[in-house]
Amino acid sequence: MLARRSAPGHSKRDMASEPNWPHIAGGNPISALVAGTRLTVIERGPDRLQLILDLIDGAQHSLRVLFYMFKNDHSGTAVRDALIAALGRGVKVKLLLDGFGSGATPVEFFQPIEDGGGQFCRFHPKYGGRYLLRNHQKLVIADESRALIGGANIEDSYLLGEGAPHWRDLWLALDGDAVPASAKYFDALYRWTTRKGAKLRSLKRLVRDHSQFRGALQWKFSGPLSLRNPWPACIVREICDGRHVDLIAAYFSPPRSMLRRLGWLGRRGGARIITAAKSDNDATIAAARDTYSRLLRHNVAMYEYQPTKLHTKLAIVGDIVYIGSANFDFRSLYINCEVMLRIDDAGFAARMRDYFERELADSLEITPALHKSRATPLRRIKWRVSHWLVTTMDYTMARRLNFGSEL
């Protein structure tokens, strides 16, 4: 049985003064106070599970929960049961899941939430123009005052341990003034999802209207089939104006225009990118390797994370940090619904750069010589096909390609 302890309610003064979230066992996590909001980075799977249980247990009025993947395993059952218990305390609960990512979880698993008075719906793909659209966001909001975002899903391999076969990932906990804006976005998205005949153009407008463009903390959202999505537009501008970028991208297959901009930055100052050496989808690794030749020619330093499967989404450009749900690939940049938080704070950027250095120490540098030795004609063909698949189609289709040792 998991230990369960309720966290008390907090005033804004409490939020600003607390150095860390309660019950996080993994040492002293990276934490900073930025623009009236306490930010805490959660690196370990067990801490992430404890965090979300604490968040739900401490909610007094409302819970808004949004995930791409929510499995009916040990972790999923613990989170679901915590939501049911919150309903029993009189807390209003809304649960929004992606219909594709969570499609394998039986609807009966979530029925007790509706039976207890909560609201539950799935973000359903449909055949036609919106079939490839996925809601890849991860967002939990308690009482419009505390929240979490990041890359990890509600599933045992993200939340129960470290090392193989678990995922390496990040969540970011928020406590304070930045949180209410995310609740407004969630409510608008939930209304769109449950509205019969909702149009894609209204979803695009929703994404733009709720993204922010001023302040040290800015919510950045991306949505379907728009080259003007706030998240990629902002990171492109900062890469073009910056001198150095450190990027951890579990899935890395950006369009040529983005590769060109990263190459410019590599020539001007410096660009370091960590991608995955292990995954549940070999095609995503092959797609990333298809980009290496171009980037290495322009002095971009490429690395592959070795200890376990990589799922982290992190970008550091100067004093600006991005953390959230978006991979650095065409799907996350221009098709999926994604959420990223832009953090403009030199101290926090320095702490996250220290985190990047730790991840770099566990990564293999892909030198031009190493990449050339790997790039047999057969592998180059597989890399190119994989890049096309994960850029234009869907990861689930690409996952069926089992390249194994031929990757």
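Axes are lines fitted to C-alpha atoms, for helices over the stretch in contact, and the angles between their N-to-C directions run from 0 to 180 degrees. The views below are taken from a predicted model.

**View 1. Packing of helix α2 against helix α3 in the predicted model.** Helix α2, which spans residues 45–58, packs with α3 at an angle of about 10°, and the two axes lie 9 Å apart. Because angles under 35 degrees count as roughly parallel, α2 is described as roughly parallel to α3. From α2, the residues that take part in the contact are L49, I52, L53, I56 and D57, and they meet S75, A78, V79, A82, L83 and A86 of α3. Sorted by class, this contact of α2 with α3 has 9 nonpolar, 1 polar and 1 charged residues.

**View 2. Packing of helix α3 against helix α4.** Helix α3 (residues 74–88) also packs with helix α4 (residues 107–115), here at an angle of about 15° and with the axes 9 Å apart. The two helices α3 and α4 are therefore roughly parallel to each other, and their crossing is left-handed. On the α3 side the contact is formed by G76, T77, R80, L83, I84 and L87, whereas α4 contributes F109, P112 and I113. The residues of this contact of α3 with α4 divide into 6 nonpolar, 2 polar and 1 charged.

**View 3. Packing of helix α6 against helix α7.** The axes of helix α6 (residues 179–194) and helix α7 (residues 200–210) come within 10 Å and cross at roughly 175°. Since angles over 145 degrees count as roughly antiparallel, α6 is roughly antiparallel to α7. The contact is made by K184, Y185, A188, L189 and W192 of α6 together with L200, S202, L203, L206 and H210 of α7. By class, the residues of the contact of α6 with α7 divide into 7 nonpolar, 2 polar and 1 charged.

**View 4. The loop between β6 and β7, with D143 and E144.** D143 lies in the loop between β6 (139–142) and β7 (146–150), and E144 lies in the loop between β6 and β7 as well. Most residues other than glycine have a negative phi. D143, although not a glycine, has a positive phi of about 55°, and E144, likewise not a glycine, has a positive phi of about 55°.

**View 5. The largest cavity and its lining.** Rolling a probe the size of a water molecule over the atoms shows where empty space is left. In this model the count comes to 1 cavity of 30 Å³ or more, and the largest cavity has a volume of about 50 Å³. Its lining consists of W231, L247, I248, A249, K313, L314, A315, A326, N327, F328 and M340. Two strands, β11 (244–249) and β16 (313–317), each supply at least two residues of the lining of the largest cavity. By class, that lining has 9 nonpolar, 1 polar and 1 charged residues.

Note on methods: Residues are numbered from 1 along each chain as its sequence is written. This is a predicted model: local features need pLDDT of at least 70, side-chain atom pairs count only at pLDDT 80 or more; totals for chains, interfaces and linings use all residues. Side-chain values use heavy atoms; hydrogens and water are left out. Helices (H or I, at least four residues) and strands (E, at least two) are DSSP runs, numbered from the N terminus. Angles under 35 degrees count as roughly parallel, over 145 as roughly antiparallel, 65 to 115 as roughly perpendicular and the rest as oblique. A crossing is left-handed if the near helix is turned anticlockwise from the far one by less than a right angle, and right-handed if clockwise. Contact means heavy atoms within 4.5 Å. Ala, Val, Leu, Ile, Met, Phe, Trp, Tyr, Cys and Pro count as nonpolar, Asp, Glu, Lys and Arg as charged, and the others, Gly among them, as polar. On a 1 Å grid over the protein atoms alone, a cavity is a set of points where a 1.4 Å probe fits but cannot get out, and a pocket is an open set with protein on both sides within 12 Å along at least five of seven lines; lining residues have an atom within 4 Å of a point. Grid points are joined across faces, edges and corners, and a volume is the space filled by probe spheres set on the points.
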